[in-house]
2 protein chains.
Amino acid sequence: MIPIVSAYTWVPPIAQGFVKDLRVRWALEEAGIPYRIKLIALGEAKAPAYRRWQPFGQVPAYEDEAGMLFESGAIVLDIAARSEALAPQDPASRRRITAWVIAALNSVEPFVQNYLRFDDDGDAAKSAKRRQQVQSVLDIRLESLVNWLGTQDYLDAGRFTAADLMMATVLRELMGSSALDPYPTLSAYLDRCLARPGFTRSLEPQLQVFREHAPTAAVS
Amino acid sequence: MIPIVSAYTWVPPIAQGFVKDLRVRWALEEAGIPYRIKLIALGEAKAPAYRRWQPFGQVPAYEDEAGMLFESGAIVLDIAARSEALAPQDPASRRRITAWVIAALNSVEPFVQNYLRFDDDGDAAKSAKRRQQVQSVLDIRLESLVNWLGTQDYLDAGRFTAADLMMATVLRELMGSSALDPYPTLSAYLDRCLARPGFTRSLEPQLQVFREHAPTAAVS
């Protein structure tokens, strides 16, 4: 069977282009595996029927001949386990790619999210102090990445892999902020990953669905 | 070679018993794989030499005959890929265990951490509002777990697996708080996981090292 990936019919503009089915679409594009998108409405994702596919009521969920799967990281790793385009297939390389995929999700993304979701509550002095805190813990992680990359183009294996796919989708969340400004190494790394044709082929269809399902503007 | 796991010589009391080498120790205990602990000081973890082993300057890092590895999730998955005790070894089961390990790390732990690290800045009304926000997003994730578990004892495969090992180490971080009080299903699940002899065999040696390396009390 052709793999199925769940995606939302529509999300608010701030999330458009960042919904995590993008990661799975990108992995499938790099691997050259055809797939079908199963569109669901935001409300439908919370229903019991969908939660048997995705326990947290989110996208993406995935299904192929081996059964149902969830978590974008697990789906990308599953595709990478069958695709030389996403990872060298020797066990030692594959487990290092797994380490970097999980590092993107657990050692970097939570700090990116806290930085982006920082809530200024109106008290200038206290907000400034808390903002400085979320930024400094993010900086520690970004500096670690800069140190690791050094002059390397990619995180591991001397080539683009699923590790870079996942890390790029995480760092890309920062593009609307100034968080990457002090780190030209990371900006160049991100540009390098996002310049791939597979990325564009994954982003455009997600955006197209949102354009097609945009709420009708009120008649003035 | 016998696998090597890095661990700290000492951490402040609040972190004792929660440092993430615990996850790897537990996995190795369940799998019945002998291992050696490589102790490092907190400061040593930030040095360039150690960062070649663990790019973020943290523990655990891991080494075996296949090479170096980092990220507790990746190390546990690597051990589970070789141990029936941690996961059924058919590919369909293994990828579902991977999904749950990543769910623990990316769909649950960030919300647990934000709940625990909530910083009351002294403004009662605003702090109450922000505390309610971090608690409500955590509750959404905990309710999803309750719904998924239903009357099951474990997350998948009808038995204890690496998925439960990882989720239990995440939920266990909440034990000093009241966050699990509304969820007897999760408290019972956590108790079930932590009652395993393999857990005790992993926790005690971590605590013993900290006792042996406790800073000397000042002479009064």
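Colleague: Which residue of chain B meets the side chain of A:Asp64 in a salt bridge?

Modeller: Keep in mind that this is a predicted model, where local features need pLDDT of at least 70, side-chain atom pairs count only at pLDDT 80 or more, and totals for chains, interfaces and linings use all residues. A salt bridge here is a side-chain nitrogen of Lys or Arg within 4 Å of a carboxyl oxygen of Asp or Glu. For A:Asp64 the N to O distance is 2.7 Å, and the partner is B:Arg95.

Colleague: How many salt bridges does the rule find across the interface of chain A and chain B?

Modeller: The pair A:Asp64 and B:Arg95 is a salt bridge between these chains. Polar contacts (N or O atoms within 3.5 Å, one able to donate a hydrogen and the other to accept it, with residues adjacent in sequence counting only if both atoms are side-chain atoms) come to 17 residue pairs between chain A and chain B, both at pLDDT 80 or more. For salt bridges across the interface, the count is four.

Colleague: Which element of chain A gives the most to the side that touches chain B?

Modeller: Elements are DSSP runs numbered from the N terminus, helices being H or I with at least four residues and strands E with at least two. Those supplying at least two residues each include strand E3 (61-64) and helix H5 (124-149). With 16 residues, the top contributor is H4(A).

Colleague: What is the area buried between chain A and chain B?

Modeller: Buried area is the accessible area (1.4 Å probe) that two parts lose on being put together, summed over both. Carbon and sulfur atoms give 54% of it, and the total is about 3900 Å². In chain A, the residues that lose the most area to chain B, together 19% of what that side buries, are A:Phe56, A:Arg95 and A:Ile102.

Colleague: Is A:Arg23 buried or exposed?

Modeller: A:Arg23 is in helix H1 (residues 21-31) of chain A. Its contacts (heavy atoms within 4.5 Å), not counting residues up to four places away in sequence, include A:Glu109, A:Glu173 and A:Ser72. A:Ser72 is 49 residues apart from A:Arg23 in sequence, yet 6.5 Å apart in space, C-alpha to C-alpha. By the cut-offs (buried under 20% relative accessible area, exposed over 50%, partly exposed in between; 1.4 Å probe, protein chains only), its 2% makes A:Arg23 buried.

Colleague: How many helices and strands does chain A have?

Modeller: Residues are numbered from 1 along each chain as its sequence is written. From the N terminus on, the elements run β-α-β-α-β-β-α-α-α-α-α-α. That is eight helices and four strands.

Methods:
Chains lettered and ligands numbered in written order. Heavy atoms only, no water.
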